[in-house]
Amino acid sequence: MKKYIADWTVKENILFNGGEYCLLKLGFEKKIPKILPGQFVQVLIEDSSTTFLRRPISVHFVDKKKNELWLFVQVIGDGTRKLSEQKKGNHLNLIYPLGNGFTLPEKSGKFLLIGGGVGAAPLLYLGACLQELGYKSEFLLGAKTEKDILQINEFGKYGKFYIATEDGSAGEKGYVTDHSVLQSADFDLIYTCGSKLMMTAVARYARERGIACEVSLENTMACGIGACLCCVEKTVRGNVCVCTEGPVMNINQLTWRI
Ligand SMILES: Cc1cc2nc3c(=O)[nH]c(=O)nc-3n(C[C@H](O)[C@H](O)[C@H](O)COP(=O)(O)OP(=O)(O)OC[C@H]3O[C@@H](n4cnc5c(N)ncnc54)[C@H](O)[C@@H]3O)c2cc1C
Ligand code: FES
(Lines give C-alpha, C1' and ligand atoms only; values in the text may rest on other atoms or scores of the structure.)
(Ligands and ions follow the chains in the order given, each with its own letter.)
Protein backbone atom coordinates (compact mmCIF):
# COMPACT_ATOMS: atom_id res chain seq x y z
CA MET A 1 0.00 0.00 0.00
CA LYS A 2 1.20 3.47 -0.82
CA LYS A 3 2.59 5.40 2.17
CA TYR A 4 2.14 9.10 2.77
CA ILE A 5 3.82 11.72 4.90
CA ALA A 6 1.75 14.82 5.56
CA ASP A 7 0.63 17.39 8.10
CA TRP A 8 -2.79 16.94 9.68
CA THR A 9 -4.70 19.58 11.62
CA VAL A 10 -5.93 19.01 15.16
CA LYS A 11 -9.71 19.57 15.03
CA GLU A 12 -10.35 18.50 18.59
CA ASN A 13 -8.41 17.08 21.51
CA ILE A 14 -10.64 15.54 24.15
CA LEU A 15 -8.98 14.66 27.45
CA PHE A 16 -10.15 11.83 29.71
CA ASN A 17 -9.30 11.01 33.34
CA GLY A 18 -7.63 14.36 34.00
CA GLY A 19 -5.40 14.07 30.93
CA GLU A 20 -4.32 10.43 31.30
CA TYR A 21 -5.87 9.71 27.89
CA CYS A 22 -6.66 11.89 24.91
CA LEU A 23 -8.75 11.51 21.80
CA LEU A 24 -7.21 13.45 18.94
CA LYS A 25 -9.47 14.14 15.98
CA LEU A 26 -7.31 15.12 13.03
CA GLY A 27 -8.51 16.74 9.83
CA PHE A 28 -6.90 16.60 6.41
CA GLU A 29 -7.24 18.90 3.40
CA LYS A 30 -7.56 16.04 0.87
CA LYS A 31 -9.72 12.92 0.93
CA ILE A 32 -8.21 10.42 3.38
CA PRO A 33 -6.73 7.46 1.44
CA LYS A 34 -7.78 3.88 2.17
CA ILE A 35 -6.72 2.83 5.65
CA LEU A 36 -7.22 -0.72 6.90
CA PRO A 37 -8.33 -1.43 10.46
CA GLY A 38 -5.31 -2.37 12.57
CA GLN A 39 -2.93 -0.12 10.65
CA PHE A 40 -1.05 2.60 12.49
CA VAL A 41 0.58 5.98 11.97
CA GLN A 42 4.00 7.28 13.02
CA VAL A 43 3.55 10.68 14.66
CA LEU A 44 6.32 13.25 14.70
CA ILE A 45 6.65 14.83 18.13
CA GLU A 46 7.77 18.39 17.52
CA ASP A 47 9.32 20.83 20.00
CA SER A 48 10.54 18.07 22.31
CA SER A 49 14.08 17.92 23.66
CA THR A 50 13.59 14.30 24.75
CA THR A 51 11.53 12.62 22.00
CA PHE A 52 13.45 12.26 18.74
CA LEU A 53 11.76 9.26 17.18
CA ARG A 54 8.23 9.25 15.85
CA ARG A 55 5.70 7.44 18.03
CA PRO A 56 3.53 4.60 16.65
CA ILE A 57 -0.19 5.07 17.32
CA SER A 58 -3.02 2.88 15.99
CA VAL A 59 -5.77 4.25 13.84
CA HIS A 60 -8.66 4.46 16.31
CA PHE A 61 -11.27 5.50 13.76
CA VAL A 62 -11.67 7.06 10.33
CA ASP A 63 -14.67 9.37 10.17
CA LYS A 64 -15.30 9.32 6.43
CA LYS A 65 -18.14 11.88 6.61
CA LYS A 66 -16.02 14.48 8.41
CA ASN A 67 -12.77 13.38 6.73
CA GLU A 68 -11.16 12.88 10.16
CA LEU A 69 -8.65 10.40 11.53
CA TRP A 70 -8.91 9.66 15.24
CA LEU A 71 -6.07 8.64 17.54
CA PHE A 72 -6.69 7.48 21.10
CA VAL A 73 -3.61 7.93 23.24
CA GLN A 74 -2.62 7.00 26.78
CA VAL A 75 -0.02 9.31 28.30
CA ILE A 76 2.91 7.19 29.45
CA GLY A 77 5.98 9.32 28.67
CA ASP A 78 7.09 12.61 27.12
CA GLY A 79 6.01 11.82 23.56
CA THR A 80 2.46 10.87 24.43
CA ARG A 81 2.26 13.79 26.89
CA LYS A 82 3.10 16.17 24.04
CA LEU A 83 0.28 14.60 22.03
CA SER A 84 -2.16 15.14 24.88
CA GLU A 85 -1.17 18.82 24.99
CA GLN A 86 -2.09 19.48 21.34
CA LYS A 87 -4.49 22.38 20.79
CA LYS A 88 -7.11 22.86 18.10
CA GLY A 89 -5.42 24.21 14.96
CA ASN A 90 -2.01 22.64 15.68
CA HIS A 91 -0.43 20.49 12.98
CA LEU A 92 0.80 16.94 13.46
CA ASN A 93 3.03 15.29 10.87
CA LEU A 94 2.13 11.64 10.21
CA ILE A 95 3.53 8.78 8.15
CA TYR A 96 0.63 6.50 7.21
CA PRO A 97 -0.90 4.01 6.75
CA LEU A 98 1.64 1.60 8.25
CA GLY A 99 1.51 -2.14 8.94
CA ASN A 100 -0.78 -4.80 7.59
CA GLY A 101 -4.12 -4.53 9.41
CA PHE A 102 -6.61 -7.16 10.55
CA THR A 103 -7.91 -9.74 8.07
CA LEU A 104 -11.52 -8.96 7.23
CA PRO A 105 -13.65 -12.13 7.04
CA GLU A 106 -15.21 -13.17 3.75
CA LYS A 107 -18.43 -14.37 5.28
CA SER A 108 -20.57 -13.54 8.27
CA GLY A 109 -19.91 -15.24 11.61
CA LYS A 110 -19.63 -14.61 15.32
CA PHE A 111 -16.77 -12.18 15.81
CA LEU A 112 -15.37 -11.13 19.19
CA LEU A 113 -13.05 -8.12 19.51
CA ILE A 114 -11.13 -8.19 22.82
CA GLY A 115 -9.30 -5.05 23.94
CA GLY A 116 -7.23 -4.50 27.04
CA GLY A 117 -6.89 -0.88 28.24
CA VAL A 118 -5.71 1.45 25.47
CA GLY A 119 -5.18 -1.68 23.35
CA ALA A 120 -8.89 -1.39 22.55
CA ALA A 121 -8.06 1.66 20.38
CA PRO A 122 -7.74 -0.09 16.96
CA LEU A 123 -10.81 -2.25 17.60
CA LEU A 124 -13.25 0.65 17.16
CA TYR A 125 -12.31 1.13 13.52
CA LEU A 126 -12.25 -2.65 13.05
CA GLY A 127 -15.83 -2.85 14.41
CA ALA A 128 -16.88 -0.03 12.05
CA CYS A 129 -15.31 -1.79 9.03
CA LEU A 130 -16.97 -5.09 9.96
CA GLN A 131 -20.30 -3.29 10.20
CA GLU A 132 -19.73 -1.71 6.80
CA LEU A 133 -19.35 -5.24 5.41
CA GLY A 134 -22.69 -6.14 7.02
CA TYR A 135 -21.16 -8.16 9.88
CA LYS A 136 -22.03 -7.88 13.55
CA SER A 137 -19.27 -7.73 16.15
CA GLU A 138 -19.20 -8.12 19.89
CA PHE A 139 -16.64 -6.30 22.02
CA LEU A 140 -15.09 -7.47 25.26
CA LEU A 141 -13.26 -4.57 26.89
CA GLY A 142 -11.04 -5.13 29.87
CA ALA A 143 -9.08 -2.83 32.15
CA LYS A 144 -7.79 -2.49 35.69
CA THR A 145 -10.65 -0.27 36.76
CA GLU A 146 -13.81 1.48 35.50
CA LYS A 147 -12.01 4.74 34.63
CA ASP A 148 -9.83 2.91 32.10
CA ILE A 149 -12.83 1.63 30.13
CA LEU A 150 -13.22 4.37 27.55
CA GLN A 151 -15.23 5.20 24.45
CA ILE A 152 -17.99 2.69 25.28
CA ASN A 153 -20.62 4.84 23.55
CA GLU A 154 -18.53 4.69 20.39
CA PHE A 155 -18.02 0.91 20.64
CA GLY A 156 -21.75 0.52 21.29
CA LYS A 157 -22.48 1.91 17.81
CA TYR A 158 -20.88 -1.14 16.21
CA GLY A 159 -21.98 -4.01 18.42
CA LYS A 160 -22.85 -5.38 21.81
CA PHE A 161 -20.16 -4.91 24.42
CA TYR A 162 -19.09 -6.67 27.60
CA ILE A 163 -16.80 -5.28 30.26
CA ALA A 164 -14.34 -6.87 32.68
CA THR A 165 -12.40 -4.92 35.30
CA GLU A 166 -9.79 -6.33 37.62
CA ASP A 167 -11.30 -4.54 40.64
CA GLY A 168 -14.92 -5.21 39.67
CA SER A 169 -15.76 -1.48 39.46
CA ALA A 170 -17.47 -2.05 36.08
CA GLY A 171 -18.78 -5.17 34.36
CA GLU A 172 -17.60 -8.53 35.63
CA LYS A 173 -14.72 -8.72 38.09
CA GLY A 174 -11.54 -10.31 36.74
CA TYR A 175 -9.55 -10.57 33.53
CA VAL A 176 -11.16 -10.59 30.09
CA THR A 177 -10.48 -14.33 29.87
CA ASP A 178 -12.58 -14.85 33.05
CA HIS A 179 -15.61 -13.15 31.48
CA SER A 180 -18.73 -15.33 31.26
CA VAL A 181 -19.28 -14.49 27.58
CA LEU A 182 -16.27 -16.68 26.80
CA GLN A 183 -17.89 -19.63 28.59
CA SER A 184 -21.32 -19.21 27.03
CA ALA A 185 -20.74 -18.25 23.40
CA ASP A 186 -19.01 -19.95 20.51
CA PHE A 187 -17.06 -17.50 18.40
CA ASP A 188 -15.74 -18.09 14.89
CA LEU A 189 -13.02 -15.46 15.04
CA ILE A 190 -11.35 -13.43 17.78
CA TYR A 191 -9.33 -10.25 17.26
CA THR A 192 -7.36 -8.90 20.18
CA CYS A 193 -5.06 -6.05 21.17
CA GLY A 194 -3.65 -5.25 24.59
CA SER A 195 -0.80 -6.31 26.84
CA LYS A 196 1.22 -9.36 25.78
CA LEU A 197 0.05 -11.14 28.95
CA MET A 198 -3.59 -10.58 28.05
CA MET A 199 -3.13 -11.50 24.39
CA THR A 200 -1.31 -14.71 25.37
CA ALA A 201 -4.26 -15.69 27.57
CA VAL A 202 -6.73 -14.88 24.77
CA ALA A 203 -4.59 -16.81 22.26
CA ARG A 204 -4.57 -19.82 24.61
CA TYR A 205 -8.36 -19.66 24.96
CA ALA A 206 -8.74 -19.48 21.17
CA ARG A 207 -6.28 -22.29 20.45
CA GLU A 208 -7.89 -24.63 23.02
CA ARG A 209 -11.25 -24.16 21.30
CA GLY A 210 -9.98 -24.14 17.73
CA ILE A 211 -11.11 -20.52 17.17
CA ALA A 212 -9.22 -18.45 14.59
CA CYS A 213 -7.46 -15.55 16.33
CA GLU A 214 -5.47 -12.48 15.32
CA VAL A 215 -3.44 -10.42 17.77
CA SER A 216 -2.08 -6.92 17.25
CA LEU A 217 1.43 -6.60 18.64
CA GLU A 218 2.81 -3.42 20.18
CA ASN A 219 6.53 -4.17 20.03
CA THR A 220 8.69 -1.12 20.64
CA MET A 221 9.29 0.63 17.31
CA ALA A 222 11.62 3.28 15.93
CA CYS A 223 11.40 3.76 12.15
CA GLY A 224 8.02 2.04 11.56
CA ILE A 225 8.99 1.16 7.99
CA GLY A 226 11.17 -1.94 8.26
CA ALA A 227 14.57 -0.20 8.26
CA CYS A 228 15.92 -0.36 11.82
CA LEU A 229 14.96 -3.94 12.84
CA CYS A 230 14.15 -2.86 16.39
CA CYS A 231 10.62 -4.30 16.34
CA VAL A 232 11.56 -7.87 15.38
CA GLU A 233 9.33 -10.72 16.54
CA LYS A 234 10.30 -14.38 16.33
CA THR A 235 7.69 -16.31 14.34
CA VAL A 236 7.36 -19.78 12.85
CA ARG A 237 8.70 -18.22 9.60
CA GLY A 238 11.74 -16.77 11.38
CA ASN A 239 12.27 -13.20 12.59
CA VAL A 240 9.95 -10.59 11.09
CA CYS A 241 9.55 -6.83 11.52
CA VAL A 242 6.29 -6.16 13.31
CA CYS A 243 6.03 -2.71 11.72
CA THR A 244 5.82 -4.14 8.19
CA GLU A 245 4.69 -7.78 8.56
CA GLY A 246 2.45 -6.91 11.54
CA PRO A 247 1.36 -5.46 13.80
CA VAL A 248 -1.44 -7.98 13.25
CA MET A 249 -0.48 -11.65 13.32
CA ASN A 250 -2.41 -14.86 13.32
CA ILE A 251 -1.67 -16.80 16.52
CA ASN A 252 -0.47 -19.71 14.35
CA GLN A 253 2.47 -17.49 13.31
CA LEU A 254 3.62 -16.86 16.87
CA THR A 255 6.20 -18.77 18.87
CA TRP A 256 4.70 -17.64 22.18
CA ARG A 257 4.11 -20.30 24.84
CA ILE A 258 0.38 -20.42 24.33
C1 LIG B 1 1.80 -0.57 16.41
C2 LIG B 1 1.61 0.21 17.69
C3 LIG B 1 0.40 0.84 17.91
C4 LIG B 1 0.21 1.58 19.09
N5 LIG B 1 -0.99 2.19 19.28
C6 LIG B 1 -1.19 2.93 20.38
C7 LIG B 1 -2.42 3.62 20.57
O8 LIG B 1 -3.35 3.56 19.73
N9 LIG B 1 -2.56 4.38 21.67
C10 LIG B 1 -1.56 4.47 22.60
O11 LIG B 1 -1.74 5.18 23.60
N12 LIG B 1 -0.39 3.82 22.47
C13 LIG B 1 -0.18 3.07 21.37
N14 LIG B 1 1.03 2.43 21.20
C15 LIG B 1 2.07 2.57 22.24
C16 LIG B 1 2.76 3.93 22.05
O17 LIG B 1 3.46 3.91 20.82
C18 LIG B 1 3.73 4.18 23.18
O19 LIG B 1 3.01 4.31 24.38
C20 LIG B 1 4.52 5.46 22.93
O21 LIG B 1 5.42 5.26 21.86
C22 LIG B 1 5.27 5.87 24.17
O23 LIG B 1 5.97 7.07 23.85
P24 LIG B 1 6.34 8.11 25.00
O25 LIG B 1 7.35 9.04 24.43
O26 LIG B 1 5.12 8.72 25.60
O27 LIG B 1 6.95 7.22 26.14
P28 LIG B 1 8.49 6.75 26.28
O29 LIG B 1 9.19 7.80 27.05
O30 LIG B 1 9.02 6.32 24.97
O31 LIG B 1 8.27 5.47 27.14
C32 LIG B 1 7.78 5.52 28.49
C33 LIG B 1 7.77 4.11 29.03
O34 LIG B 1 6.88 3.27 28.27
C35 LIG B 1 7.55 2.16 27.68
N36 LIG B 1 7.04 1.95 26.33
C37 LIG B 1 7.23 2.73 25.25
N38 LIG B 1 6.63 2.24 24.15
C39 LIG B 1 6.03 1.08 24.56
C40 LIG B 1 5.26 0.09 23.90
N41 LIG B 1 4.98 0.12 22.58
N42 LIG B 1 4.80 -0.95 24.64
C43 LIG B 1 5.09 -1.03 25.93
N44 LIG B 1 5.82 -0.13 26.62
C45 LIG B 1 6.30 0.92 25.95
C46 LIG B 1 9.01 2.55 27.66
O47 LIG B 1 9.84 1.40 27.72
C48 LIG B 1 9.15 3.41 28.93
O49 LIG B 1 9.28 2.61 30.07
C50 LIG B 1 1.26 1.67 20.06
C51 LIG B 1 2.47 1.03 19.83
C52 LIG B 1 2.64 0.30 18.65
C53 LIG B 1 3.96 -0.38 18.40
S1 FES C 1 10.39 -0.14 13.69
FE2 FES C 1 12.15 -0.09 12.43
S3 FES C 1 12.09 -2.02 11.49
FE4 FES C 1 10.24 -1.97 12.59
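Biologist: Why is helix α2 described as largely enclosed?
Modeller: Of the 12 residues of helix α2 (residues 121-132), 10 are buried, so the rest of the structure largely encloses it. A residue is buried if 20 or more other C-beta atoms lie within 10 Å of its own, exposed if 12 or fewer, and partly exposed in between, with C-beta atoms placed from the backbone. Helices (H or I, at least four residues) and strands (E, at least two) are DSSP runs numbered from the N terminus.

Biologist: What kind of model is this, and how is it numbered?
Modeller: It is a predicted model, in which local features need pLDDT of at least 70, side-chain atom pairs count only at pLDDT 80 or more, and totals for chains, interfaces and linings use all residues. Residues are numbered from 1 along each chain as its sequence is written, while chains are lettered from A and ligands numbered from 1 in the order in which they are written.

Biologist: Which residues of α2 are buried?
Modeller: They are Ala-121, Pro-122, Leu-123, Leu-124, Tyr-125, Leu-126, Gly-127, Ala-128, Cys-129 and Leu-130. After α2 comes Gly-134, with a positive phi near 90 degrees.

Biologist: Which residues are closest to ligand 1?
Modeller: Ser-58, Gly-77, Gly-79, Thr-80 and Ala-121 are the closest of the 21 residues that surround ligand 1. A residue is near a molecule or strand if its C-beta atom, placed from the backbone, lies within 6 Å of it.

Biologist: Which element gives the largest share of that shell?
Modeller: β4 does, with 4 residues. β4 (55-58), β6 (68-74) and α1 (78-84) each supply at least two residues of the shell.

Biologist: How do the shell residues divide by type?
Modeller: There are 10 nonpolar, 8 polar and 3 charged residues around ligand 1. Ala, Val, Leu, Ile, Met, Phe, Trp, Tyr, Cys and Pro count as nonpolar, Asp, Glu, Lys and Arg as charged, and the others, Gly among them, as polar.

Biologist: Where does ligand 1 lie relative to the domains?
Modeller: Ligand 1 lies between domain 1 (4-98) and domain 2 (111-253), because both give residues to its shell. The domain bounds come from an automatic or database domain assignment.

Biologist: How many residues of each domain are in contact with the other?
Modeller: 19 residues of domain 1 are in contact with 19 residues of domain 2, where contact requires C-beta atoms, placed from the backbone, within 7 Å. On the side of domain 1 that touches domain 2, β3 (40-43), β4, β5 (61-63), β6 and β7 (91-98) each supply at least two residues. That side divides into 12 nonpolar, 6 polar and 1 charged. The C-alpha centres of the two domains lie 21 Å apart.

Biologist: Changing topic, is Arg-209 buried or exposed?
Modeller: Arg-209 counts as exposed, because it has 12 C-beta neighbours inside 10 Å. Arg-209 belongs to helix α5 (residues 196-209).

Biologist: What about strand β13, and how many bridges join β12 to it?
Modeller: In β13 (residues 212-216), 4 of the 5 residues are buried, leaving the strand mostly covered. Strand β12 (residues 189-193) runs parallel to β13, joined by 5 bridges; two strands pair if DSSP finds at least two bridges between them. Ile-190 stands opposite Cys-213 in β13.

Biologist: How many helices and strands are there in the protein?
Modeller: The protein has 6 helices and 16 strands, and 43% of its 258 residues count as buried.

Definitions and conventions. Two residues are in contact if their C-beta atoms, placed from the backbone, lie within 7 Å.
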